[in-house]
Amino acid sequence: MGKVRKGVEVSIAMADAVAQADVDVIAAYPITPQTHIVEHLADIVANGELDAEFVPVDSEHSAMSVCCGSAAVGARTFTSTSSQGLALMSEIFFISAAMRLPIVMALANRSLSSPLSIWNDHGDVMMVRDAGWIHVFVENGQESYDNVFCAFRMAEDPNVMLPVAVNLDGFILTHMIEPVEYEDDELIRQYLPEFKMKHALHPDKPVSMGCFGMPEIYTETQMHREDGVTNSYPHILKAWEEWGKLTGRYYHPIETYRADDAEYCIVTMGSYGETAMEVVDALREEGEKVGVVKIRLWRPFPFDEFRRAVLGKKSLIVIDRALSFGGPGGPVALELRSALYKKEGAPTIVNYIAGLAGRDVSRKDFRHIILEGKEKAASGDTEGFTLYGLRG
Amino acid sequence: MDRFSVFSARLVDKSENFTSGHRACQGCAEALAVRLVMKALGRDTIVAMSTGCMEIISSPLPLTSWKVPWIHNAFENSAAVISGCESGMKAMMRKGKLPAKKINFVGMGGDGATADIGMGALSGALERGHDMIYVCYDNEAYMNTGIQRSSSTPFGASTTTSPAGKASMGQHTRKKNMAQIAVAHNIPYVATACSSFPFDLMEKVKRASETPGAAYVHILSVCPTGWRIQPHDAIKYGRLAVDACVFPLYEVVNGKYSLTYRPQRIIPVKEYLGGQGRFRHLTEKQVEQIQAFVDTDYQKIVKLSDEV
Ligand SMILES: Cc1ncc(C[n+]2csc(CCOP(=O)(O)OP(=O)(O)O)c2C)c(N)n1
Ligand code: SF4
Ligand SMILES: [Mg+2]
C-alpha cells in the first residue's frame with residue numbers, strides 16, 4: 001500500500017493497519033463494537049492480501065489463549081475484543097502480561113453487563129487496569145491507525161516485551177467514518193521490522209514457560225513485573241518519537257490543549273478529548289481561563305508528565321467513564337487524586353462520571369460540566385463524584 | 001513408523017524428555033504416562049500443559065523436568081494455547097520467517113481440564129483442525145486439588161465432593177466418554193491407552209504424531225493417592241481396568257474403530273473394584289450394576305470394532 005488519505009471507517013483503518021503490520025496470527029471472536037475490525041481482517045486474509053493464520057476461536061477465553069501460544073513461539077499476534085469478551089478472557093489477559101507476551105489488542109471500549117448494553121464507556125478496561133498490560137487511549141481514526149504500529153513497536157521492544165491494548169471508544173470511534181492518512185508499506189517495514197523473539201518456544205532451544213511459584217519466589221516475580229511495566233516507559237516514548245519523526249504525527253503520554261495559562265482544566269481519556277477542545281475554544285472566547293488535559297497513556301501511568309502539566313492550576317474537572325461501586329469516585333479521578341496527594345501547588349479535583357453506556361455527552365453538557373465544576377471547586381465541594389445527567 | 005509393540009523394551013529410546021526428579025507421588029502412573037508419551041514424541045515437540053498434578057510436579061520455579069519447549073498457561077486452555085503455537089509456527093514457516101521443520105504440537109491436561117472446564121477450548125481446537133495432538137491423562141478426578149469428582153469419575157467412586165455416606169453411594173453419574181466425544185469431531189485419529197500397556201501407548205502416540213490434523217489420545221492414568229491403593233499396585237490396577245473391559249484399548253482411524261487389545265480372559269469387574277479404597281463402600285448389588293454398564297459399553301465397542 002502506498003501513502004494515501006482516505007475516508008474510512010475507523011475499524012477498517014485499524015484492520016488495514018494490522019495487515020500492514022504483517023501480523024502472523026489473528027484470533028477472532030465476534031462481539032460488538034469490535035467486530036468490524038476482525039471481519040475486515042478475515043476479508044483481507046481470505047483475499048490473500050495478508051499471509052496470516054486467522055483463527056476463529058470458540059470464545060474470547062480461547063482467543064487470548066491462542067494469542068499466548070502464538071506469541072510464545074514468536075509470531076506477531078493480534079486480537080480484538082470488548083466488554084463481556086474482555087471479562088471472559090480476563091483470566092488469560094492477566095497471564096499474558098505475566099508471561100511477557102507481546103500481543104497487541106484493539107480494545108473497543110464498551111460497558112459491562114448488567115443490564116446488557118453494547119454501548120461505550122470505560123467499564124471494561126478499568127476491570128483489567130492492574131493486569132500489567134500497557135494501555136494507550138486514542139481519540140480519533142488517525143490515532144487508532146497510527147497506534148497499531150506504535151503498539152507493536154512498544155510490545156516487541158526487547159526492553160519492554162509486554163502486551164499492549166489500544167483503547168478506542170466503541171461506536172464513537174469504531175463505527176465513525178473519518179479521513180485517515182495511510183502510510184506507505186515501506187515506511188511501516190522501516191518502523192516495524194520483523195519480530196525476532198529471544199526466548200521463543202522452539203525445539204532447537206527448549207525453555208519452560210509458565211512454571212509455578214512457591215511463596216519464596218512469587219514476590220520476586222511480581223517485582224519483576226512491576227519493574228517491567230514501569231521501565232517500559234522510556235521505550236514507549238521512543239516508539240512514539242520515532243513514529244513522529246517518520247510521519248510528522250507525534251504522541252505523548254499526557255497531551256494538553258490551551259492549558260499553559262489555564263486556571264482550571266478538564267481532564268479526559270479517549271474520544272471525549274475532541275469535544276472538550278471545541279468547548280474550551282468557545283469558553284475561551286468568553287474569557288474563561290480553561291484548558292484540556294488528555295491522558296493518552298494509562299499504564300504505565302505518566303506521573304511526572306501529569307504533574308508537570310497540572311501543578312499550579314486551581315482545579316481539575318475529571319471526567320470518568322466508569323464507576324467503582326462503593327468507592328471514592330471514578331478510577332481516573334482516584335488515580336489523579338493520589339498522584340497529586342501532598343504535592344505543592346496541587347489543583348483540587350472535581351469528579352464527574354458521565355456518558356455511561358454511550359449516553360450522549362454533548363457540547364452543551366461539557367460546557368455545563370466545566371462551569372459547574374469550576375463553581376464546585378471554588379466552593380470547596382471536591383469530595384466524591386457526581387453522576388452526570390442522572391434522571392429522576 | 002516405529003512399531004513399539006513388536007519391538008522389545010531394550011530397543012526403546014533410552015533418553016528421557018520428561019526427566020526424573022519431579023515431585024509426583026510414589027507409584028504415580030500419570031507421571032509414567034507423561035514419560036512414555038514424551039518418549040514416543042521425541043525432542044521436536046512443543047508441549048502446552050494445563051494446570052494440574054503433572055504441571056505442578058514438573059515445574060516448580062526455577063526448576064523444570066522438561067527437555068522440550070513447554071508452556072503452562074492456565075487450567076482450561078492447553079488445547080487453545082497449543083493451537084496458537086501451531087498457528088504461529090505454521091504462519092512463520094510459510095512466510096519464511098522460520099526454517100521449515102516437522103514439530104509435534106501437543107496439548108495435555110488431566111480429566112478435569114479436559115472433560116470439564118476445558119471442554120469448549122478443546123472442542124474448538126479439534127474442530128478447527130489444527131495439526132496437533134491432545135493427550136488427556138485421566139486419573140478420574142481432580143487430584144491436584146485433593147480428589148474432587150470430575151465428569152470423568154466413574155460411577156460409584158467416592159471422592160471428596162462425591163463422598164460415599166449413609167445417604168449416598170458416592171459418584172452417582174456415569175463417566176463421560178471423552179474419546180467418543182473426540183470421535184464426534186470427525187478428526188482423523190482418536191485412541192485410548194493406559195500406562196500399564198506402555199508399548200501400545202507409545203505406538204498410539206507415535207501414530208497420532210504422524211497423522212496430519214488433530215489427534216486425541218485418552219490415557220487411563222492410575223493415581224494411587226486418589227484411588228486409595230498401594231503405590232506398588234498402580235500398574236496392576238491399570239491392567240485390571242483393561243482386562244475387566246472397564247477401559248478398553250482401541251483406536252479410531254478416520255472414524256473406523258478397532259480394538260488394539262482383547263483380553264484373553266475377561267475378568268469380572270469385581271476383581272478390578274476390589275481393593276480400591278474409592279470403591280470400598282459399594283454393595284454387591286451396586287457392583288452388579290457396574291458390571292452391567294461395563295458389559296453393554298464394551299459390547300458397543302466390540303461391535304463398532306468388528307464392523308467392516
Ligand atoms: C479456573 C481454575 N479453576 C480451578 C482451578 C483449581 N485447580 C487447579 S488443578 C485442578 C484439578 C486438576 O484436575 P485434573 O485436570 O483432573 O488434573 P489432575 O490434577 O487430576 O492430574 C483444579 C480444580 C484453577 N487452577 N483454575
Ligand atoms: S495425586 Fe495422583 S496423579 Fe497426582 S501426583 Fe499423586 S499419584 Fe500422581
Ligand atoms: Mg484428574
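This is a predicted model: local features need pLDDT of at least 70, side-chain atom pairs count only at pLDDT 80 or more; totals for chains, interfaces and linings use all residues.
Residues are numbered from 1 along each chain as its sequence is written, chains are lettered from A and ligands numbered from 1 in the order in which they are written, and side-chain values use heavy atoms, with hydrogens and water left out.

Helices (H or I, at least four residues) and strands (E, at least two) are DSSP runs, numbered from the N terminus.

Are B:Asp111 and B:Ala141 buried or exposed? B:Asp111 is buried at 1% relative accessible area, and B:Ala141 is buried at 3%. The cut-offs: buried is under 20% relative accessible area, exposed is over 50%, and partly exposed is in between (1.4 Å probe, protein chains only).

**Ligand 1**

I then listed the surroundings of ligand 1: 18 residues, the closest being B:Glu30, B:Cys53, B:Gly112, B:Ala113 and B:Ala141. To be listed, a residue needs a heavy atom within 4 Å of the molecule. The site is shared between chains, because residues from chains A and B surround ligand 1. H4(B) gives the largest share of the shell, four residues. By class I get seven nonpolar, seven polar and four charged residues. For the classes, Ala, Val, Leu, Ile, Met, Phe, Trp, Tyr, Cys and Pro count as nonpolar, Asp, Glu, Lys and Arg as charged, and the others, Gly among them, as polar.

A polar backbone atom of B:Cys53 lies 2.9 Å from an oxygen atom of ligand 1. How much of ligand 1 does the protein bury? Taken alone, ligand 1 exposes 590 Å², and the protein buries 77% of that. These areas come from the Shrake-Rupley method with a 1.4 Å probe.

**Ligand 2**

Around ligand 2 I noted B:Ala24, B:Cys25, B:Cys28, B:Glu30, B:Cys53, B:Asn139, B:Met143, B:Cys223, B:Pro224 and B:Thr225. That shell divides into seven nonpolar residues, two polar and one charged.

Where are the cis peptide bonds I looked up? One runs from A:Thr32 to A:Pro33, with omega near 0 degrees, and another from A:Ser114 to A:Pro115, again with omega near 0 degrees. A:Pro33 is in the loop between strand E2 (25–28) and helix H2 (35–46) of chain A. A:Pro115 is in the loop between strand E5 (104–109) and helix H5 (123–127) of chain A.

I also checked positive phi. A:Arg100 has about 55 degrees although it is not a glycine; A:Arg100 falls in the loop between helix H4 (83–98) and E5 of chain A and is partly exposed at 26%. A:Ala357, not a glycine either, has a positive phi of about 50 degrees and is partly exposed at 28%.

**Packing, chain A**

A:Met64, in helix H3 (residues 60–72) of chain A, is buried at 0% relative accessibility. A:Met64 and A:Met89 are 25 residues apart in sequence but 6.3 Å apart in space, C-alpha to C-alpha. Beyond four places in sequence, A:Met64 touches residues including A:Met89, A:Phe93 and A:Trp133; contact means heavy atoms within 4.5 Å.

Last, helix H12 (residues 331–340) of chain A is mostly covered, with seven of its 10 residues buried. After H12(A) comes A:Lys342, with a positive phi near 60 degrees.

Terms used: A polar contact is a pair of N or O atoms within 3.5 Å; within protein, one must be able to donate a hydrogen and the other to accept it, and residues adjacent in sequence count only if both atoms are side-chain atoms.
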